[in-house]
Amino acid sequence: MLPTIFLVALIGCIFPNFAFGKILSDHVEVSLLGHSVQEIKSKELRLGLHYKLEDEWHIYWKNPGDSGAAPKFQVRGAKLLDVSWPPPKRIPLGDLTNFGYEKEVLLFLDLELPDSASHLISVDIDLEWLVCKVECIPGFGKITLSYDQMQRRLVPWMSGDSEIFAQFQSQLPVSSRGFVISSGAKEGTSFVFRINSEDGKDFSGIKELSIFPEDGTSFLTSFPKVEVERSQIEFSMPVSANVSELQAPPKFVLVQKDIEGRQDAFSLEVPLGGPTKILSIGIILLAFLGGLILNAMPCVFPVLSLKIFSFLKEESTLKIRKSSLLYTAGVLCSFLFLGALLIVLRSAGLSLGWGFQLQESWFVYSMILLFFLMGLSFLDFFGTDELSFLNRFNLNSELYKSDFMTGVLAVIVASPCTAPFMGSAMGLTLMLPAYQALLIFFFLGLGLAAPILMLAFYPRLRTLLPKPGSWMIWVKKLMGVPLLLTCIWLLWVLQLQKGNLAALVTSSILVLIFLFGLLKSKIILKKKIFSSSLLLVGLFGLIFVHSLESVQQAAENDSRWSQFDEKLIEEKRKTVGVFIDFTAAWCITCQFNKKNVLQDREVVQMLDQSGLFLVRADWTNHEPRITAFLAGLGRNSIPVYAVLQGESQTDLLPELLTKDIMKKKLEPFISQKGF
Amino acid sequence: MTKTSFFPMLSLLLGPLLGLSLSVVSMNAGADAKVDAAAPAFTEKDAAGVEHSLGGLKGKWVVLEWYNKDCPYVKKHYGQGNMQALQKKYVEKGVSWLTVISSAKGKQGHQTPAEAITDMKLVGSKATALLLDEDGSMGKLFGAKTTPHMFVISPDGQLKYAGAIDSNDSSDPATIASATNYVATALDAAMAGKPVPTKSSKAYGCSVKY
């Protein structure tokens, strides 16, 4: 016993830099402790190399900063997969700054063990490091270890502090949780990007925030500008003068300390191609076009046609112009109101996107009643002077007082029909400051009101319109049809959201209204009783439907498409690639694309051949995780079709799909598979 | 103030304070010299008392090499004769190679003129001159952060390269042979009128002891 200890001690003295997994060097001690080995999965080991430093001396992080050098590792006998670094500290040195560690740190090496006949694997690690106080001393050393795969431990066993492995491992940066990273762009001498909270996480509780760039060549070590708001933080990272464009999405480590002293570290990867602070003409045009196209949607078209009819009947140009301006005012005010509401709710922490109204069943219910009443009224079901509240919506072609409300109505009914172009314009409202986002809504409204304005101010256009006549009565009745169809479709949406009972109750109420309408001419009922009883019934239905539990989306019959699961998506994108269809029951364009393209036999065949992992992200109800994922793609409205490949490659398809678009997109995947 | 209302009050106070304190304007501690732009105009005395300035060097290729005799990374290049060979090769081609010491008095690497001349002879430096930038003004002008930190300036005063001497930041001299020497490639390309392949890189070494 004694001679062995003496021998070991002797060897330890002769070879000070090499003693069974411990290196003693100038100002630093590097060791591999018994408890510092963890088997992650079969054939994969995580080692914790313990660097213990003398007071006032430090070693460096993977980006050492203005000077210094990161510790290096050369592994023999196994494959070095990855090195994990606990978050560093800023170490200032005069005007320069370094990023590193003081006192002690554990650096984690993930190794892949080779296939070996014996269960004992021997690994050599050559280490190099730089330890500095003011002056620097480079150090070299070697650690040899033997790992017994059967017994799952190091041989010979070296005791050590078991807590330290867990302690430093818990400090390792995790991928961002609870917030969404916007894409970043270079602005002047800084790289600017933002993080937005999701699920109402409040940033004002953070006591200390530090951010470290992994890329020391592109980013300077000087303090970045950090602006903290309740649900958003903006970072302006100073960039080296010699970097014109960043080649790859930069990575950062964000360390936050809250009031209670808890520290969390996150690793951020910022996609490139960021938001331009200047609203370009192109985006404004996009919004305008989106609004224009909304006019052609079955939801809006009836209202539009009614307005045009009112023009046909009117002789006075002045009246027409005044009326169109009031209509435009109604449209603009409603859009701006909705936009402002969206922005306010988002900044209050709610994760919402455009179309958020339709995720609420009470809104869908109200729309069902509205469209039903409107449809019936277009069919002249209620006669010409009953139900005075309908008059307010100008359903009797009276100009003036109702023009403003017609504009409001147009915006309300436009919600279920997201037109192409609107999606990208809406997505941008996520990134831009509030007043610029409102500008987008403004131009959207302008686009919607444009046909009416044009007709009012360009008399020549009006001559193109047919002369008024009795045909108008028939067309008006015809317009009632798309309104009723929309009503039926919304019923289907409600059924998906709140289940069959809700749909049943709502349909019953509709039948009641219909009966009322039929009977009112037979029974002499006072107008007031009629309308107030209708109102009561409607309200009862609203409360009842809303109180029902939301129905979990039933699994689609089509087994090709999987449910939305972020973890699975992240995994599959690296192997086979992922195709995500962001859809909702209330999104007409989405349903159109589904029926027309995604369920087309040829396209289905192509999707199968491509080997892509297919995901259907259902946004019919309020789903914050899907909202957050969409935000990460730079969107907040649907439809969205995304193809994810590898670590970070993401392509978005246009909102209106065609077979050709699908063909083009899927081709490379199919040829890869060798079809 | 009850216990429950204390924390909301505190966070209310901290909130705006936080907002203010976290809006720190970026400190411009030594901006990087910009490549493909005019090099900063410097004037500095060498160990022999002779003044060198950028204006006076017009028409010549200039290499600036930041130096600290005690820095292990400087020793890596001088110990093997790498730096000296580089100096000899290009000085013979007409390049004006200026070694600069920006260490402040009392700090590592600082040398008096006499010490500097002795040291130059000792290490066998083939540089044209050794500039003594005791107050660190020239170093800060160029944004020199490490020793060594290299700059290549064209005859018309344009900065052609700024950064590390080579591509391997290890302190092990054995790595020099396999590393790409950025200064050599920059000079070879620029002097032949061709574009420089690597115009800038992250400099490595010990921090300059301002």
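1. Start with a cluster of charges: Asp600(A), Glu602(A), Lys659(A) and Lys663(A) are joined in a network of salt bridges. Keep in mind as you look around that this is a predicted model. Counted over all chains, there are 22 salt bridges.

2. Another pair to look up in chain A is Arg560(A) with Asp608(A), whose side chains meet in a salt bridge at 3.0 Å, N to O. Arg560(A) sits in the loop between α14 (527-547) and α15 (566-575), while Asp608(A) belongs to helix α17 (residues 601-610), so the bridge ties together parts 48 residues apart in sequence. Arg560(A) is partly exposed at 36% relative accessibility, and Asp608(A) is partly exposed too, at 42%.

3. Now go to Lys133(A), which pairs with Glu56(A); their closest N and O atoms are 3.5 Å apart. This one links two loops, β10 (120-132) to β11 (136-148) and β3 (44-53) to β4 (58-65), so it ties together parts 77 residues apart in sequence. Lys133(A) is partly exposed at 37%, whereas Glu56(A) counts as exposed at 58%.

4. Then the nonpolar side. The largest nonpolar core has 86 residues, and Ile580(A), Phe582(A), Trp586(A) and Ile638(A) have the most contacts inside it. Helix α6 (residues 361-378) of chain A gives the largest share of this core, 12 residues. Apart from it lies another core of 46 residues, including Leu32(A) and Leu127(A).

Conventions. Residues numbered from 1 in each chain as written. Chains lettered and ligands numbered in written order. Predicted model: local features only at pLDDT ≥ 70, side-chain atom pairs only at ≥ 80, totals over all residues. Heavy atoms only, no water. Core = buried A, V, L, I, M, F, W, Y, C linked by side-chain atoms within 4.5 Å. Buried < 20%, exposed > 50% of the residue type's maximum accessible area, 1.4 Å probe, protein only. Helix = DSSP H or I, 4+ residues; strand = E, 2+ residues; numbered from the N terminus. Salt bridge = Lys/Arg side-chain N within 4 Å of Asp/Glu carboxyl O.
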